[in-house]
Amino acid sequence: MKDRASRLLDGVIPFWQGLRDEDYGGFYGLVDFDLTVDKRADKGCILNSRILWFFSEAAMVLRRDDLLDDARHAYRFLTGACLDKAQGGIFWSATYDGKPADTTKHTYNQAFAVYALSAYAQASGEQDALRLAEDLFELIEGKCRDEGGYLEAFDRAFLPVENDKLSENGVMASRTMNTLLHVFEAYSGLYRAAKSPAVADAMRRMLDRFEHTIYNPALKRQEVFFDADWNSLIDLTSYGHDIESSWLVEWGCGLLEDGALLRRIQPVCRALAEAVHTRAFREGSLRNECVRGEEDERRIWWVQAEAVVGFLNAGYREAAEEILTFIEEKMVDKRPNSEWLSEVNPDGAPTDAGMPIVDGWKCPYHNGRMCLEILRRDCL
């Protein structure tokens, strides 16, 4: 699998390097399905953070200075255009030339900046990056959390607004599994970089919430959307998030080096992976989700990538290899100067949606991380 992951990276890396904006900084924010680069599209700050994370991690794993230079390019845009120097935190998006576009402050977005800055600090040794990650940790804890847990969306001054950016399926969620997962992920990256007791305490608090609230033991799934009191709002199984959580939560928990805690959390993670394998692994790939009993059969790029890592982590190697084959044959866009398709049908044909190859969410984070995790795990 190492050779297969390396070949996939040989496609992902140059594609994203080719999207560097040398005039205004950062990376171009939109490539449509027809592979037209919109150089004047807004640049999502989540997209920029994920690019920064990817190039930082890839530089460490592959030991390539050119990738560190790409990371540095993303770091300059994050600190120059995405960071609100007046009121703190990270904007939702910037204009193509680096001015504030959507000034929403979302907890999810702050978290990805923490994750990216922590990785960049480790890759580059730049202490300013680590200090900014720590500052954003303090901001999340001080402005984005109440006594019940993490809230979601805020205006520029951190006054709460509706969570339309991370709510779907006709609900408006006050709290989400997705934000909790990625705050935990971000704090895990920060803890790996700095071993802060305060970060460890926050991670333990989130693991407790994951174990006792997010995870539904009767259905062996995570609940997804919640009201302010953590009541689930919809009958929804997100196979992608369940398999992603199954390995990501276990990884973060392991960083704390607490054997008793890991013995509690690991069975939950493995139960999630087992349930996804049973319910969603079909025809060598993974279904997207099940909403109110109705299966969404689309094959989404990030869901397939996370399934490879999650199944490897849980011991379903054959399934991981089958999905990797599906990715190679169906998800990777064979057109020159492209990357992965966003979504395809179960037979591998692109859906009618004509989804962009790059947008505010479509990035090198999931697929790049899959490749790096395979290399880290020394898979034969």
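Colleague: What share of the 380 residues in the chain is buried?

Modeller: Buried residues come to 59% of the chain. Bear in mind that this is a predicted model.

Colleague: OK, and how many helices and strands does the chain have?

Modeller: There are twelve helices and 17 strands. The radius of gyration is 19 Å, close to the 21 Å that the globule rule gives for 380 residues, so the chain is as compact as a globular protein of that length.

Colleague: What does the C-alpha trace span along its principal axes?

Modeller: About 50 × 50 × 40 Å.

Colleague: And what part of the contacts with a separation of 6 or more comes from residues 24 or more positions apart?

Modeller: Those account for 66% of them.

Colleague: Which helices each supply at least two residues to the lining of the largest cavity?

Modeller: Helix 6 (177-194) and helix 7 (197-214) do. The lining includes M177, L180, F184, M206 and F210, with Q222 and V249 also among its residues.

Colleague: How does that lining split by class?

Modeller: Nine nonpolar residues, one polar and no charged ones.

Colleague: And the second largest cavity, which residues line that?

Modeller: F33, L341, S342, E343, P350, T351 and M355. By class, this lining has four nonpolar residues, two polar and one charged.

How values were computed
Residues are numbered from 1 along each chain as its sequence is written. This is a predicted model: local features need pLDDT of at least 70, side-chain atom pairs count only at pLDDT 80 or more; totals for chains, interfaces and linings use all residues. Side-chain values use heavy atoms; hydrogens and water are left out. On a 1 Å grid over the protein atoms alone, a cavity is a set of points where a 1.4 Å probe fits but cannot get out, and a pocket is an open set with protein on both sides within 12 Å along at least five of seven lines; lining residues have an atom within 4 Å of a point. Helices (H or I, at least four residues) and strands (E, at least two) are DSSP runs, numbered from the N terminus. Ala, Val, Leu, Ile, Met, Phe, Trp, Tyr, Cys and Pro count as nonpolar, Asp, Glu, Lys and Arg as charged, and the others, Gly among them, as polar. The radius of gyration is taken over C-alpha atoms; the globule rule is 2.2 Å times the number of residues to the power 0.38. Buried means under 20% relative accessible area, exposed over 50%, partly exposed in between (1.4 Å probe, protein chains only). Contact means heavy atoms within 4.5 Å.
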